[in-house]
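Here are a few friendly notes to read alongside the model. They cover helix packing and aromatic pairs.

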Amino acid sequence: MPQQAPIVRPPSLSAQVTEDLRNRILNDGMEAGEQLPSERELCNYYGVSRTVIREAIKVLTAKGLVESIPGSGIVVRFSEISDVTEALQIFLRQGTSLDYVNLHEVRVALEVAAAGKAAEVADAKTAGQLLELCDELTSLEGDIPRASRNDFRFHKAIAESTNNEFMVLMFDVLEGALMETRVATFAMEPSRIQRVAKAHRAIARAIEARDPEAARQAMLDHLVEVKATWDQHPEYLTSSTHASEE
């Protein structure tokens, strides 16, 4: 008997309705707050039961595309940047461990570009804030939690200075996931706090001088050193627990 081809089941009715409603919301120019047809109208339009419509609305609500407002019914709701960030962070946290090496490769691509852009557009106030964070970090040797938060704030300030909301979005996702390694690398080598402060200062000075090439190189040098520290302590690259960002 010849081998039977796998049977491909068609999408369920609720999945078909969900996909059609999703496309209408995203492709037909519907605006946030715009009301969807009533449940009865949707049943009549699609020729399905209320159960199918309710399941479709449940899925769209979970995706952040619609919400139920008392007195207004189901209305369109477009996600905020913070919603996207949280969803991606949850995705990265699924499972028991993170692939820090792959995340670091993405971080290099993002942050080297961010440093160069910051040098092009950042003002003197931003450069001053970065240098203040460098001064603060030099005084935090032995205080790993505060040093880790300072490190986070420095890199986020650079992302924010690019005036690119997508840059900040990706930064928040990656840096939040990598907070564990930030704490771990300071813990394994407390003297790194001073090395990191020096590296941060080189980046801040390049941004202050409005030298994009120097800023990119300084950031790359810094992140290469981070990766080298990880390579010396591979036991920290896989963990079943995740450090707090407090």
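At roughly what angle do the axes of helix α1 and helix α2 cross?

1. This is a predicted model, where local features need pLDDT of at least 70, side-chain atom pairs count only at pLDDT 80 or more, and totals for chains, interfaces and linings use all residues. Residues are numbered from 1 along each chain as its sequence is written, and side-chain values use heavy atoms, leaving out hydrogens and water.

2. The axes of α1 (residues 13-27) and α2 (residues 39-46) cross at roughly 110° and come within 12 Å. Helices here are DSSP runs of H or I, at least four residues, numbered from the N terminus. Axes are lines fitted to C-alpha atoms over the stretch in contact, with angles from 0 to 180 degrees between N-to-C directions. The two helices are therefore roughly perpendicular (65 to 115 degrees).

3. On the α1 side, Val-17, Asp-20, Leu-21 and Arg-24 make the contact (heavy atoms within 4.5 Å) with Leu-42, Tyr-45 and Tyr-46 of α2.

4. Two aromatic pairs are present; rings pair if their centres lie within 6.5 Å. Tyr-45 and Tyr-46 are edge-to-face (planes over 60 degrees apart), with centres 4.8 Å apart and planes at 90°.

5. Phe-152 sits in helix α7 (residues 144-161) and Phe-171 in helix α8 (residues 165-177), so the pair ties together parts 19 residues apart in sequence. Phe-152 is buried (under 20%) at 17%, and Phe-171 is buried at 1%.

Technical notes. Rings of Phe, Tyr and Trp (its six-membered ring) pair if their centres lie within 6.5 Å; planes under 30 degrees apart count as stacked, over 60 as edge-to-face and the rest as tilted. Buried means under 20% relative accessible area, exposed over 50%, partly exposed in between (1.4 Å probe, protein chains only). Angles under 35 degrees count as roughly parallel, over 145 as roughly antiparallel, 65 to 115 as roughly perpendicular and the rest as oblique.
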